[in-house]
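Student: I have a new chain to look at, and I would like to learn how to read it. Could we go through it together?

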Amino acid sequence: MRPLAVVSLLLGLAAVSSVQAATLSGYVRNAANGEAVDYATVLLQGTRYGAITNAQGFYSITQIPAGSYALSFRCTGYAARSQEITLAEAESRSITVELPPEAIVIEAVEVKAESKDTILEPSLLTLRTRELTSVPKLV
């Protein structure tokens, strides 16, 4: 009877730990022209789950526990977007978002340089006739 109890306990633990996580994937596009936005950050805020888009604007986040999340999309040069989502156990959802381009405003940068009074003089090279015969020629 004892081995049967151990097997039952292990099967029960396996059933509890077999909760399947959700997957979230999709594309991030430029709202102005529809082109892919590469290297955009896609995050489930307040968690350790996130991804960065590839050259085609694709992202995929796996092993997400079921629940409600704030999903954010950010990339330099674009306005950030966020939306609330709820994921069910073992759900696979695709979310594509368009980010509008946004100018980055910075303060003026002033570059200063000091010049030194440098005098450039032409150089002088003296060659003998026999040295001239060994100099490469342009054809």
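Tutor: Here is a short walk through the chain, one feature at a time.

Tutor: This is a predicted model, so to speak of local features we need pLDDT of at least 70, side-chain atom pairs count only at pLDDT 80 or more, and totals for chains, interfaces and linings use all residues. Residues are numbered from 1 along each chain as its sequence is written, and side-chain values use heavy atoms, with hydrogens and water left out.

Student: Which secondary structure elements does the chain have, and in what order do they run?

Tutor: Helices (H or I, at least four residues) and strands (E, at least two) are DSSP runs, numbered from the N terminus. Here there are 2 helices and 8 strands. Their order from the N terminus is α-β-β-β-β-β-β-β-β-α.

Student: What share of the residues counts as buried?

Tutor: Buried means under 20% relative accessible area, exposed over 50%, and partly exposed in between (1.4 Å probe, protein chains only). Of the 139 residues in this chain, 21% are buried.

Student: And what share of the contacts joins residues at least 24 apart?

Tutor: A contact means heavy atoms within 4.5 Å. Taking contacts between residues at least 6 apart in sequence, 53% join residues at least 24 apart.

Student: Which residues other than glycine have a positive phi?

Tutor: Tyr 39 is one of them, with a phi of about 65°. Tyr 39 sits in the loop between β1 (22-30) and β2 (41-44), and its relative accessibility of 62% makes it exposed. Gln 63 also has a positive phi, near 60°. Gln 63 belongs to strand β4 (residues 58-64) and is exposed too, at 58% relative accessibility.

Student: How do I describe two aromatic rings that pair?

Tutor: You give the distance of the centres and the angle of the planes. Rings of Phe, Tyr and Trp (its six-membered ring) pair if their centres lie within 6.5 Å; planes under 30 degrees apart count as stacked, over 60 as edge-to-face and the rest as tilted. This structure holds 2 aromatic pairs. In one of them, the ring centres of Tyr 59 and Phe 73 are 5.9 Å apart and the planes stand at 70°, so the pair is edge-to-face. Because Tyr 59 lies in strand β4 and Phe 73 in strand β5, the pair ties together parts 14 residues apart in sequence.

Student: Are those two residues buried or exposed?

Tutor: Tyr 59 is buried, at 1% relative accessibility. Phe 73 is buried as well, with a relative accessible area of 1%.
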